[in-house]
Amino acid sequence: MLPSAKETKSFFFSQYFSDGLRMSMGILLPSLVLLQFDKFDLGIALSLGALCICVIDNPGPIMHKRNGMAIGNLCLFIVAVTTGYARLNVYTLGLEVTAFSFIFSMFTVYGNRAASVGTSSLLIMIFMIDKDLKPDEILSYSASILAGGVWYMLFSLLFFGIRPYRAAQQALGENVADIVKFLRIKADFYLPDTDIDANYHKLVSQQIQVSQHQDAVRELLFKSRVMVRESTNASRILVLTFVDLVDMFEHIMATHYDYTHIREKFKDTGILTDIAHLLQQMANELENIGYAILSNARYTNLVDFMPALEQLKTKIDAVGGNETSNLVLKKILVNLRDLHHEIENIFDYYNSTSSKILIEGLPDVEYSKFVTHQDYEPHVFFDNFTLDSGAFKHALRVSLVCLVGFIAAKSLSLGHHSYWVLLTIIVILKPGFSLSKQRNYQRLVGTIGGGIIGVMILLLIPNNNVQFVLMVIFMLGTYSFSRLNYVVSVIFMTPYVLILFKFLGIGHLDIVEERILDTVIGSTIAFIASYAIFPTWEFEQMKRALSEVIHANLNYLAKIADTIAGKTVSTTDYKLARKDVYVKSANLSAAFERMTSEPKSKQRNIKDIHKFVVLNHILSSYIATVASDITVKGIHKAQPDTLRTIKKSFALLNESNKKLGGKKIELVNEKNGLIVPETYTAVPSTADNLLKDQLGFINKISNDIAKVTESVVAEV
C-alpha cells in the first residue's frame with residue numbers, strides 16, 4: 001500500500017529525515033569544500049571520520065550525544081593508529097581484528113549508545129584494513145580521521161543548539177502517531193466482524209512500538225535539564241503534552257472489556273459499532289494534532305465530540321433491562337469522555353491563550369525517576385566475563401566470526417574491497433539469533449536490490465551531474481531509513497556506494513559483483529555463527545521476562561489495594577507502577593515476537609507463551625480500568641469483599657511469580673490497620689458492584705495465568 005500524502009509529509013517532518021539530512025551534510029561537506037581547494041584526499045579522510053562518528057549520533061539528550069561522540073573520537077584515533085601499524089603484518093592484523101572485535105562488542109553492557117561507540121570503532125578498523133599507508137603516514141592520516149570525527153560532533157551539536165526543542169517535538173509527534181494506531185486497533189474490537197485473537201496480535205505488536213517510542217521521549221525530556229528545569233513555554237508544553245499522552249494511553253488501555261461477552265449482549269443494539277466509529281473519529285482528530293506537533297504548525301479546527309457523546313449516552317440509556325445491564329456501556333462512555341478531555345488538553349497547550357496557567361499547573365512529579373540511569377563503572381564490564389552473560393557470548397561470537405571472515409577475505413581472491421566481508425559481519429551479528437536472522441535477510445535483499453538499481457543508473461544515466469544528484473539522494477535515503485526500515489536503507493546504500501566509487505575511479509560494474517559476493521560470504525558466515533557459536537535463544541530468557549511482567553502487575557495491583565485500604569498513594573508512585581507494567585509488557589511481547597522467528601526446535605511451548613502474552617495484556621488493561629477510577633479519581637469506598645478478591649488475585653499471581661523464580665510482593669499488612677474491618681456495613685452502590693465484577697474478572701485472569709504458568713514452567 002502506497003503511503004498517503006500526509007504520511008509522506010510526516011516523514012519529511014520526522015526525526016528520521018532530520019537525522020538523515022544532518023548525517024548526509026556532516027559527511028558530505030568536508031569532501032565538497034576541500035575539493036574546491038584541490039585537497040580531495042584530505043576531504044575523503046575527514047568524511048570517513050564523520051561517517052564513523054555519525055553512527056553514535058542516535059536520538060537522545062544532547063549531553064549524552066556529546067559525551068558519546070567525544071569518547072567515540074578518542075577510540076577512533078586509537079583504533080586508526082593501531083590498525084595502521086598492525087596491518088603491516090598479516091598476523092598482527094589478525095590478532096588486532098580478533099581482540100578489538102571482542103572488546104568493542106562488549107560495550108553493549110553499557111547500553112545502546114555505548115554499543116554504537118563500539119560499532120563506530122570497529123568500522124574505522126575495517127576501513128583502515130585495506131588502506132595502503134606507509135609507516136610515516138599513519139599518524140597524520142589518523143589525525144585527519146579524528147579531525148573529521150570532531151567536525152561531525154561539532155556540526156551535530158550546533159545543529160541541536162540552534163533548535164534545542166525540535167528533536168523532542170518530533171519524537172512526541174511520532175509517539176502520537178503510534179498511539180493513534182493503537183487506538184484504531186482497539187476500536188476494531190467493537191466491530192462484529194473483527195477476529196479477536198488476530199486483533200490481539202496486532203495490538204500487542206503495536207504496544208511494543210508505543211512503549212519503545214515513549215522511552216525515547218522520556219530520555220529526551222526527563223534527562224535534559226533544558227526540558228525539565230527551564231521555565232520556557234516550549235519546554236514545559238512538551239513535558240505537559242507527554243504527561244497527558246501517557247495518561248491518554250492508560251485511558252485507551254482501560255477501554256477493555258470482555259469483547260466476546262459484550263458483543264453477544266449488545267449485538268442487536270448497534271451501540272458497539274457507534275463506539276467503534278467514535279473511537280476512529282477521535283483517532284483522526286488525534287492524528288491531526290500529532291501531525292501539527294510534528295510539523296511545528298498550529299492546528300485550530302478541533303472537532304467537538306460532546307454532541308456525539310451525548311447522542312451515545314442517549315442510546316445507552318435506552319438499553320432496557322435492570323440497572324446493571326448497561327453499566328459496562330456507561331463505563332465505556334466515561335472512558336470516551338476522558339479520552340476526549342485528554343485530546344482537548346493537548347490541543348489547548350498549543351492553542352489556548354491561557355497556556356501560562358496550564359504550564360504553571362504542571363504536576364509536581366519527580367521526572368528523574370521515570371528514566372533509567374546507566375552504570376558506567378569498570379566493574380560492569382568485567383562482571384560480565386562469564387558465559388552466563390549474553391553480552392559476553394555475543395562478544396566472543398563476533399570476535400571468532402570476524403577472525404574467520406578476515407581469514408576468508410585474505411585467503412580468497414575477493415577483489416580490492418575484501419573489508420566488505422567484515423563490514424557485513426559487524427552489521428549483521430546481533431546478540432540474539434532472531435535479530436541476526438532478520439538483519440541477515442534485510443542486508444542480502446537490500447544489497448541485491450540496490451545493486452540492480454546502481455547498475456541501471458551507471459549504464460543508462462552517463463551524465464555525471466545527474467549521477468551526483470542521485471548519489472546525494474541515495475545517501476540521504478540511506479541515513480534517513482537506517483532506523484526506520486533497514487531494507488530500504490540498504491537499497492539506497494548500495495547504489496550510493498557504487499556511484500561514489502565510480503567518481504573515485506575505483507572500479508566500475510565489477511564493483512557490483514564484488515559487493516554482492518562479499519555480502520553473501522559475510523552473511524553466510526554470520527548466519528552459521530549465530531546458530532552454532534554460543535547461540536542465544538529467547539526461550540532461555542523467557543522465564544525472567546514472564547516473571548518481570550507478573551511482578552510489575554502485582555505492584556500495579558498493590559497501588560489499588562493500598563488506595564482502597566485507606567493508604568495514600570502518591571502520583572509519582574502510581575505512575576511509576578503504571579510505566580513499569582507498560583515497559584515490561586512490551587519487553588515480553590518483543591521477546592515473544594523474536595521467538596517466533598527462531599527455528600521451530602527452539603520455540604519452546606510457544607502456544608502457552610502466546611496465551612500468556614494475551615492474558616497479560618487483558619490483565620494489565622483491567623487493572624488500568626480499575627486504577628483509573630480508584631487511584632486517580634478516588635470514587636470508590638473500601639468493601640471487605642473487594643479487598644478479599646484482590647488478596648485472592650494477589651496470592652495467585654505471587655504463586656505464579658514464585659514458580660518463575662521471581663520475588664514475592666507483600667500486600668497491605670492487616671496489622672497496620674490498613675484493611676477495612678469486616679463490620680463495614682455500607683450499602684454497595686452500583687459502581688461498587690461493577691468494581692466487584694471487574695476485580696472478579698481480574699481474579700479469573702489471574703487464575704488463567706496461574707494455569708498457563710504451570711505449563712510454561714514444565715516446558716521452558
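## Three residues in a predicted model

When neighbours within four places in sequence are left aside, S18 is in contact (heavy atoms within 4.5 Å) with F159 and Q170. This is a predicted model, in which local features need pLDDT of at least 70 and side-chain atom pairs count only at pLDDT 80 or more, while totals for chains, interfaces and linings use all residues. Residues are numbered from 1 along each chain as its sequence is written, and side-chain values use heavy atoms, with hydrogens and water left out.

S18 lies in helix α2, which covers residues 15-35; helices here are DSSP runs of H or I with at least four residues, numbered from the N terminus. S18 counts as buried at 16% relative accessibility, where buried means under 20% relative accessible area, with a 1.4 Å probe and protein chains only.

| Residue | Helix | Relative accessible area |
|---|---|---|
| S18 | α2 (residues 15-35) | 16% |
| V210 | α9 (residues 196-222) | 0% |
| G477 | α21 (residues 464-480) | 7% |

V210 is buried, and, apart from its neighbours within four places in sequence, V210 is in contact with N175, D178, I179, F182 and F249. Although V210 and Y582 are 372 residues apart along the chain, their C-alpha atoms are separated by 9.2 Å.

G477 is likewise buried, and its contacts, again leaving aside neighbours within four places in sequence, are with S489 and F492.

Key. Helices (H or I, at least four residues) and strands (E, at least two) are DSSP runs, numbered from the N terminus. Buried means under 20% relative accessible area, exposed over 50%, partly exposed in between (1.4 Å probe, protein chains only).
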